[in-house]
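Me: I'm new to this one and would like to learn how to read it. Could you walk me through it step by step?

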Amino acid sequence: MVHQPYSSWLLDEVKLTPEQKFQLEEHLLTCTECQPVQHAWVSVKKEIKSSPMASPAAGFTTRWKAYLQIRNSVNQKQLAKRWLMGLSLAAVFTLILLVTQIFTSGSAFTLILGISQAQQLVTGLVSQLQNVTWLLFHNSSPWILIVLGVGVASWVAISFIAGSYIIVRARRKVSPNHEN
Amino acid sequence: MSLAEADWLRLAQQNDETAFEHLVETYQRPVFNLCYRMLGNQQEAEDAAQEAFWRAYQAIDRYDNNRSFITWLLSITAHYCIDLQRKRRLPTLDIDLLTDFDAPDATPGPEAMLKKKQDTEAINTLLENLKEQDRAIIILRYWQEFSEEEIAKTLSLSVSAVKSRLHRARLLLANLWMEEHQPLGLERSIHGSPTL
């Protein structure tokens with residue numbers, strides 16, 4: 001026996017036309033497979049409808065407030081843990097680099113020599129930068145210096161405001177006792 | 001959503017904890033019910049509902065105000081419960097703890113309470129046999145009275161997927177019911193006739 005589309009009509013809760021309803025009833029009178037399914041589904045639906053929406057025990061919101069505090073505290077600890085782990089990893093990485101340098105260059109003396117050379121290079125660069133700045137201040141027109149100064153000051157101010165905003169937002173989010 | 005609720009939501013998005021507490025107070029029942037029907041245990045449902053609200057609290061900045069809040073909230077809850085069930089794979093039912101249901105107007109007698117307990121037990125036993133996502137679909141459809149489109153949005157599925165899963169879940173529930181209620185000696189396959 002063909003069970004389609006009757007099976008879909010039974011279980012898909014589609015709105016049937018009077019003709020479709022008649023066809024379905026005719027089919028159910030003769031079909032020994034669809035009829036029990038229909039009866040069973042009607043019973044299940046009745047059972048579901050008679051089953052109430054479950055409610056939590058009284059005081060759920062109070063318990064949630066306590067839960068919020070616990071989760072905030074856990075979050076802060078996790079954040080601190082992540083920072084500590086990051087710093088530790090950076091320290092370990094630096095140590096590995098140093099050890100590798102010592103082993104590949106043959107001696108600690110080479111390493112110290114390298115560090116000294118790097119320091120000299122940095123000192124030279126700073127000195128050149130000072131020279132450039134001195135030349136810029138003495139040879140440029142005051143307007144260029146004003147524009148440059150305003151630009152640098154704006155950049156510093158924007159960075160400071162953005163940084164403060166991010167920190168305040170993060171603190172407000174994790175602060176359990178925050179009140180507006 | 002009423003205007004007052006929209007205001008609470010807006011305040012909650014501005015990190016107002018009191019406003020979010022108001023939302024917890026308002027939506028605790030549907031969230032708890034979904035957790036309870038998904039997990040079948042009062043204590044686990046309480047924990048899951050608390051966690052679902054915490055997740056919503058963390059993500060409230062990203063909530064799109066054009067979307068229904070209850071759909072968004074139940075989406076978080078359903079996904080959390082589905083993940084929990086998949087991780088645990090241990091459906092449990094604690095019948096002794098089923099005491100906090102909505103009380104009817106008149107105090108029910110022991111017989112009515114027993115009947116209610118038995119009904120809940122029967123329904124939860126049936127639901128336990130469904131796959132996590134199918135169970136969530138049935139709960140949202142019949143307890144929350146969501147449309148197929150709303151269920152699709154809540155569970156991030158297509159409408160056609162929701163329709164086919166609903167059909168499959170209903171057929172399985174009907175077959176389980178028949179198996180449970182038919183006379184001995186006339187047992188039938190859980191999945192019923194392949195022709196259906």
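Me: How many helices and strands does chain B have?

Reply: Helices (H or I, at least four residues) and strands (E, at least two) are DSSP runs, numbered from the N terminus. Chain B has eight helices and zero strands. Before we go on: this is a predicted model, where local features need pLDDT of at least 70, side-chain atom pairs count only at pLDDT 80 or more, and totals for chains, interfaces and linings use all residues. Residues are numbered from 1 along each chain as its sequence is written, while chains are lettered from A and ligands numbered from 1 in the order in which they are written.

Me: Which residues of helix 7 of chain B are buried?

Reply: A residue is buried if 20 or more other C-beta atoms, placed from the backbone, lie within 10 Å of its own. In helix 7 (residues 148–155) those are B:Glu148, B:Glu150, B:Ile151, B:Thr154 and B:Leu155. Looking down the helix axis, they fall within an arc of 160° (taken from the directions from the axis to the C-beta atoms), so they line one face of helix 7 of chain B.

Me: What do the buried residues of helix 7 of chain B pack against?

Reply: Contact here means C-beta atoms, placed from the backbone, within 7 Å. Their partners in chain B are helix 4 (69–88), helix 6 (132–142) and helix 8 (159–181). Just after helix 7, B:Ser156 takes a positive phi of about 55°.

Me: How many residues does the contact take from chain B and from chain A?

Reply: Chain B gives 38 residues and chain A gives 33 residues. On chain B's side, helix 2 gives the most, with nine residues.

Technical notes:
Buried ≥ 20, exposed ≤ 12 C-beta atoms within 10 Å, placed from the backbone. Contact = placed C-beta atoms within 7 Å.
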